[in-house]
Amino acid sequence: MRRTTLDRRSFLRRSVLGASGLALGGCKVFDNATVQGSAMRAVFESASSLTYRTQRLLGGGHSLAREYTRADILQSQHPNGSVLPDSESYQAMARNGFANFELAVTGLVDSPLTLSRESLLAMPARTQITRHDCVEGWSCIAEWTGVPLGQVLEQARPKPNARYVVFHCHDAIERSLAGPVYYYESIDMIDACHPQTILAYGLNGSPLPIANGAPLRVRVERQLGYKMAKYVHTIELVESFSDLGRGKGSYWADRGYEWYAGI
Amino acid sequence: MSRHDLSAKGPLIYRQSIWTRATHWIWAVCLFFLMLTGLQIFNAYPKLDIGKESGFEYDNSVFEIGARQIGGEVRGFTRMFGRELDTTGVLGVSNGQVRAFPAAVTIPSNRDLATGRVIHFFFAWLLAGTLAIWLVAGVLTGHLRQLLPRTGDLRALGPDIANHARLRFHHRRRYGALQKLAYAGVMFILLPMMFLTGLSMSPSFNAVAPWLLDVFGGRQTARTLHFLVMLLLIGFFVIHILMVLASGPLNALRSMLSGWYRVDPELQSGADEPGHQPPTQKET
């Protein structure tokens, strides 16, 4: 018995040494997880789909994000990411007060649409005071006005195989050798048809400012800010992300962030 | 072996079930990753605010780590409740980089919010699953009942504190009053607080349970509490390790690895636990 105790002791000592070696190695040991496509990252990413499925299970289709009151609006909406797209076509449109802005609805739809600014403004609108949560950690409460995305989709009549709604944007955060890399985002049909998912053109009772995504940005109130693409010019319905960017379904998902940003 | 022989060893008793031991090490690993990826996530917005939102045009922060240019040099600072400290080299600026927490205590070491989040949520899930298993096993094995402080423990608290202060530790089958308070506090208050404040930061979960936001006083207060409870967990960890070292690290480690724990010799008869069967003994 004494013998096994000794063995156990030496085992204990070795495990303590091993554990402290791991700690002394510092946190660089886990930097392999930063490499997209690495096996270590794939293991960690498996939790993201668990989060997505659980939150869909709990939240169902139509649980509503909290709406606040005017008294909760204490400041202007904090802009982040792009604050002014630098393409000449966008800036020309901006100089003209976005009068000739058009939204295209394309992809897997029975009737592709081109909606003028006037026709968007003429559609029944929804106004909601909600909290914008940035992935960085901050929050900001503001009043948003726009057209429910569901209404636009109803007009375009999605085909049965349409699974995602993709937003194509005017802004490019970075440039590659092939030219500017334009921002894009996508959401599933559940969030697309959610009553609080709107194409916003108004902020705090005024036209949407350029820094916040004029003339049109998305509000997806049960997800983080990066899902709420600004400067949207085209809505495309797709079955998969394989033909978009690096295939993850969003500019930031292509760069390692979760596609589903519910937390 | 004489019960009066002070140098004599007490018997080995089987103290920790496989469930307790396995879950203990899994959540030790989980908390390590959760803390260091949490600091990575904090670095993306190195400020703690109070209320529903973050003040950009007004100030509702209680804590901030930042950097600013002073006389051609970038200095790091840490501000808490309006009082500011120069923390260059550790917080705000470290290794010539502007970053709130230094590379040594974040996972990944470089600035990478995306990876920090992916790893954070992986271990949050693993911790949740481990705690669920621990809870079920704890009910079935009776471990949970041993952990919960009773009125008798409150009476024993005074002497227990006195003994700890004199670094005189009893090695018994059952946990002492302070041990119960510490472990129950972590398992039933701090860890649930971590999950609830964490979930309060999820816009999706907010839609499921909006009342949780009110419980914590808004999303940004929940975020601040998440950070505060993390500090309390570190406090627990430090005391836990010190107590293990002071009370016999090999015995404690053995019990948390193999389950077998050597109790004090006078307990052989089970005298301190009237009404209880003498503990299971192992030959020595």
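The points below are a colleague's note on this predicted model.

1. The model is predicted, and local features need pLDDT of at least 70, side-chain atom pairs count only at pLDDT 80 or more, while totals for chains, interfaces and linings use all residues. Residues are numbered from 1 along each chain as its sequence is written, chains are lettered from A and ligands numbered from 1 in the order in which they are written, and side-chain values use heavy atoms, with hydrogens and water left out.

2. The interface takes 60 residues from chain A and 53 residues from chain B, where contact means heavy atoms within 4.5 Å. The size of an interface is often given as the accessible area lost when the parts come together. Here the area buried between chain B and chain A is about 4900 Å², with carbon and sulfur atoms giving 62% of it; buried area is the accessible area (1.4 Å probe) that two parts lose on being put together, summed over both.

3. Across this interface there are 26 residue pairs in polar contact, both residues being at pLDDT 80 or more. A polar contact is a pair of N or O atoms within 3.5 Å; within protein, one must be able to donate a hydrogen and the other to accept it, and residues adjacent in sequence count only if both atoms are side-chain atoms. On the side of chain B that touches chain A, the elements giving two or more residues include helix 1 (18-44), helix 2 (113-141) and helix 8 (219-247) of chain B, and helix 2 of chain B gives the most, with 10 residues. Helices (H or I, at least four residues) and strands (E, at least two) are DSSP runs, numbered from the N terminus.

4. Which residue of chain A meets B:Lys52 in a salt bridge? The partner is A:Asp72, at 2.7 Å from N to O, and the count between chain B and chain A is 4 salt bridges. A salt bridge is a side-chain nitrogen of Lys or Arg within 4 Å of a carboxyl oxygen of Asp or Glu. B:Arg219 also forms a salt bridge with A:Asp133, the closest N and O atoms being 3.4 Å apart, and this pair crosses between chains, from helix 8 of chain B to strand 3 of chain A. B:Arg219 counts as buried because its relative accessibility is 5%, and A:Asp133 is buried too, with a relative accessible area of 1%. Buried means under 20% relative accessible area, exposed over 50%, and partly exposed in between (1.4 Å probe, protein chains only).

5. Within chain A, A:Glu143 is placed in strand 4 (residues 139-148) and counts as buried because its relative accessibility is 6%. Its side chain makes a polar contact with the side chain of A:Arg70 (2.5 Å), and the side chain of A:Glu143 also reaches the backbone nitrogen of A:Gly205 at 3.5 Å.

6. Helix 3 (residues 88-95) of chain A has A:Tyr90, A:Met93 and A:Ala94 buried. These residues lie on the same side of helix 3 because they cover an arc of only 100° around the axis, the arc being that of the directions from the helix axis to the C-beta atoms. On the other side, A:Glu88, A:Ser89 and A:Arg95 are exposed, whereas the buried residues pack against strand 5 (164-176) of chain A.
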